[in-house]
Amino acid sequence: MADGEILAAGTEVRPPSALEIFLAFSRVGLTSFGGGLSGWMMREFVQRRRWMDEGEFLSGLALAQALPGVNVVNLSIWIGFRLRGGLGALMGALGMIVPPMVVAVALVALSGTLLQSPLAYKLLAGVAAAALGLSLQMGLRAARRAAKGVVPVAVMAITFLAIFQAGLPLVWVVAAMAPVSIAWSAWRLRQGA
């Protein structure tokens, strides 16, 4: 968001400082596990802090997934850059990586004792269920936003069926369906839609 951008609700949004960006990403990194990270990031930066809108976040998520590397780190770099330029990108990446890494190293040091407990398995199963729920929520939001016509719905349905029903490799399905989706979007842009 640009400096002093006005949201639809009429409230002015002050761009976050580099420290605020670091602390926000540290919070996300320390309180999220597994596949739910991008869902938690959407909740934190779009819904809670209102640092960006949903469309902007989903565009960044698509870009982060297209680039090589860890998706959530790519997304943290993109969000940080959008909020505060190069320094924001650095703070986003460091906030997402450093605090969780310190906790992970400490947990590994204690893991011999902790992982022997049956309670540890139950806790991790609960965390996995919550992460799955966050991922599902974000996936449904993204699908609802993308489902603007017969072709996008058909691309989503074919992709889903090919991967989950037919068990085809993700890479080959994306390689086949991405050009269809891109061509459709390009055609729509030329039509002025």
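Predicted model: local features only at pLDDT ≥ 70, side-chain atom pairs only at ≥ 80, totals over all residues.
Me: Ok, rings then. How many aromatic pairs are there?
Reply: The count comes to four aromatic pairs, where rings of Phe, Tyr and Trp (its six-membered ring) pair if their centres lie within 6.5 Å, and planes under 30 degrees apart count as stacked, over 60 as edge-to-face and the rest as tilted.

Me: And Phe 45 with Trp 51, how far apart are the ring centres?
Reply: Their centres are 5.6 Å apart and their planes are at 20°, so this pair is stacked. Ring pairs also link Phe 25 with Phe 45 and Trp 51 into a cluster.

Me: Are Phe 45 and Trp 51 buried or exposed?
Reply: Phe 45 and Trp 51 are both buried, where buried means under 20% relative accessible area, exposed over 50% and partly exposed in between (1.4 Å probe, protein chains only).

Me: What about Phe 160 and Phe 164, what kind of pair is that?
Reply: Phe 160 and Phe 164 form a tilted pair, because their ring centres are 4.9 Å apart with the planes at 40°. Phe 160, at 47% relative accessibility, counts as partly exposed, whereas Phe 164, at 59%, counts as exposed.

Me: Switching to Ser 76, which residues is it in contact with?
Reply: Leaving aside neighbours within four places in sequence, Ser 76 is in contact (heavy atoms within 4.5 Å) with Phe 25, Met 41, Gly 92, Ala 93 and Met 96.

Conventions:
Residues numbered from 1 in each chain as written. Heavy atoms only, no water.
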